[in-house]
Amino acid sequence: MYGLVNRAVRDLVISLRGEPGWQRIRERASYPDDEFLSMQTYPDELTYKLVGAASEELGLPATEVLHAFGEHWILFTAQKGYGDLLDGFGHSTREFLSRLNDMHGRVETVFSEMSMPYFELQDHPSGEPDRFVLLYQSQRPGLSAFVEGLLHGLAKRFGETIEVSQTDDRSQGAAADRFEIRIQPA
């Protein structure tokens, strides 16, 4: 993963446990440096180690850490100069998600080594306009809680309240992680 991801993990940990908490997590993950270069690639295993170490430090299951990190990721990247990029792909959670693969395609033209996930937006079987389905596929396992956090972060960014329910899970043999999303009325 690119360093920007790990920098966001660091930022989240510092916001929750301060610099001493980050130092403990860094040591648990056996990462000798204090910083990450935003555009440098780092092994995915390092990010998983950081999440595991954060789970220990915070006393939370890794899924809760991933959820918090997903929500934080949206707000962090917007603050780190990517807010205009995010704004260019939508002004609501649903609109943004419908264009997310396009945004990832643009990012991949700059960072050709990056392996982006794939998202598919579908109408909800009920036909209700405030409900939809999101399918998520990635070569990286175990990140569905991160995606759910991303969804909540997007909703916050767009001033929306959402309900998210994961109905299919790749870790249990499904072809894709499947999330049912409902936008709450204002």
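In what order do the four strands of the open sheet come? They run β1-β2-β4-β3, with antiparallel pairing. Two strands count as paired if DSSP finds at least two bridges between them. At the edges sit β1 and β3, each pairing on one side only. Neighbouring strands of this sheet are turned by 25° against each other on average, direction ignored.

A word on the model: it is predicted, so local features need pLDDT of at least 70 and side-chain atom pairs pLDDT 80 or more, while totals for chains, interfaces and linings use all residues. Residues are numbered from 1 along each chain as its sequence is written, and side-chain values use heavy atoms, leaving out hydrogens and water.

Here are the elements to look for; helices (H or I, at least four residues) and strands (E, at least two) are DSSP runs, numbered from the N terminus.

| Element | Residues |
|---|---|
| Strand β1 | residues 118-123 |
| Strand β2 | residues 131-137 |
| Strand β3 | residues 162-168 |
| Strand β4 | residues 177-183 |
| Helix α6 | residues 144-157 |

β3 and β4 pair over six bridges, and aspartate 168 stands opposite arginine 178 in β4. Helix α6 lies across β1, β2, β3 and β4, at about 160° to β3. Such angles run from 0 to 180 degrees between N-to-C directions, with axes fitted to C-alpha atoms (for helices, over the stretch in contact).

Now hop over to arginine 10 in helix α1. Arginine 10 counts as buried because its relative accessibility is 15%, and buried means under 20% (1.4 Å probe, protein chains only). Beyond its neighbours within four places in sequence, arginine 10 is in contact (heavy atoms within 4.5 Å) with Glu19, Trp22, Asp34 and Glu35.

Key:
Buried means under 20% relative accessible area, exposed over 50%, partly exposed in between (1.4 Å probe, protein chains only).
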